[in-house]
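Here's a quick briefing to read with the model open in your viewer.

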Amino acid sequence: MSPTLQQAMQALHQTGRLRLQGAPAVWSSGILVLLRIVMGLVIFLAVGGLVAVVSVAFLVENPPWFGMIFGFISCLAMMAVLFFLIRRGIQRQEQFRETEREPVLLEPAGLTLRGIGPIPWRDFGPAVKRMVPAEKDSGYTLRAVMELTNSGMFNVNERTPPELRERISPVMGPMWNRHHRYIYVPGVEGLQQSDVIELINMAHRMFGYGGVRPPHPPQ
């Protein structure tokens, strides 16, 4: 056990409340890096296409101008659409990372993370690592999550404003039944993910079913 974790656990046990500085989680940082890499590839392909067209124009006698220009413009249009979609994704991910730096609070009323809370302890189970639907594709990925209980599913999916639900976890399920099923474990400055899981589960055992309010922005 790290000294930082030990101090945090002692503070939680002695005061019944713990305030931690939030930090971007590993998974969200990875997604941002991936999006930037994909954007770089799109730019590289667009520039490469332009270079190829110019090279053919200079090196080939009587090049097929119509086909070349039409093909290049079509590809460029698709690249432009893809570029702006990726750029929008990067902007949203950067905004999400800002919310991750909000304080993480563990208290009898519930858990506050990414500017949402307190989320009552009765609304979610212990923090665990498990396979969940991936954020950006149709596969599965390993994430540290807290599964919502029946009351949590109702409070998050029915009573929480849509613009705030994304801070709790990505939406999951088929198009006709999109919902939020988990709370993603927050990142905490100076602590490993396993340490954060241990702290949250300690608080969960201490406070049990404290609080009944739905999640909302802290006052």
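Arg-36 is partly exposed, since its relative accessible area of 44% falls between the 20% and 50% cut-offs. Keep in mind that this is a predicted model. The side chain of Arg-36 meets that of Glu-94 in a salt bridge, at 2.7 Å from N to O. Arg-36 sits in helix H2 and Glu-94 in helix H3, so this pair ties together parts that are 58 residues apart in sequence.

**Around Glu-94**
- Helix H3, where you'll find Glu-94, covers residues 65–100.
- Glu-94 is partly exposed too, with a relative accessible area of 32%.
- Leaving aside residues up to four places away in sequence, Glu-94 touches Leu-32 and Arg-36.

**Other salt bridges**
- How many salt bridges does the structure hold? The count is five, and the Glu-94 and Arg-36 pair is one of them.
- Arg-101 pairs up with Glu-98, and their closest N and O atoms are 3.1 Å apart.
- Arg-101 counts as partly exposed, at 35% relative accessibility.
- Arg-130 forms a salt bridge with Glu-147, with 2.9 Å between the closest N and O atoms. Arg-130 belongs to strand E6 (residues 124–133) and Glu-147 to strand E7 (residues 140–148), so the pair ties together parts that are 17 residues apart in sequence.

- Four strands make up an open sheet, with antiparallel pairing and the order E1-E3-E4-E5. Strand E1 (18–20) and E5 are the edge strands, each pairing on one side only. On average, neighbouring strands in this sheet are turned by 10° against each other, ignoring direction.
- E4 and E5 run antiparallel and are joined by two bridges.
- Which residue in E5 stands opposite Leu-111? Look for Ile-119. Helix H6 (residues 193–207) packs on the sheet, where it touches E1, strand E3 (104–107) and E4, and its direction makes about 30° with that of E3.

- Arg-114 has a positive phi of about 50°, even though it is not a glycine.
- To find Arg-114, go to the loop between strand E4 (110–113) and E5.
- Is Arg-114 buried or exposed? Arg-114 counts as buried, because its relative accessibility is 2% and the cut-off for buried is under 20%.
- Gly-117 and Pro-118 are joined by a cis peptide bond, with omega at about 0°.
- Pro-118 lies in strand E5, which covers residues 116–119.

**A nonpolar surface patch**
- Leu-50, Val-54, Phe-58 and Leu-59 form a nonpolar patch on the surface. Together they have about 470 Å² of accessible area.
- One of these, Leu-50, is found in helix H2, which covers residues 26–59.
- Leu-50 has a relative accessible area of 44%, so it is partly exposed.

Key: Residues are numbered from 1 along each chain as its sequence is written. This is a predicted model: local features need pLDDT of at least 70, side-chain atom pairs count only at pLDDT 80 or more; totals for chains, interfaces and linings use all residues. Side-chain values use heavy atoms; hydrogens and water are left out. Patches are made of residues with over 30% relative accessible area and no salt bridge: like charges are joined within 9 Å, nonpolar side chains (Val, Leu, Ile, Met, Phe, Trp, Tyr) within 5 Å. Accessible areas come from the Shrake-Rupley method with a 1.4 Å probe; for residues, only the protein chains shown count as cover. A salt bridge is a side-chain nitrogen of Lys or Arg within 4 Å of a carboxyl oxygen of Asp or Glu. Buried means under 20% relative accessible area, exposed over 50%, partly exposed in between (1.4 Å probe, protein chains only). Two strands pair if DSSP finds at least two bridges between them. Axes are lines fitted to C-alpha atoms, for helices over the stretch in contact, and angles run from 0 to 180 degrees between N-to-C directions. Contact means heavy atoms within 4.5 Å.
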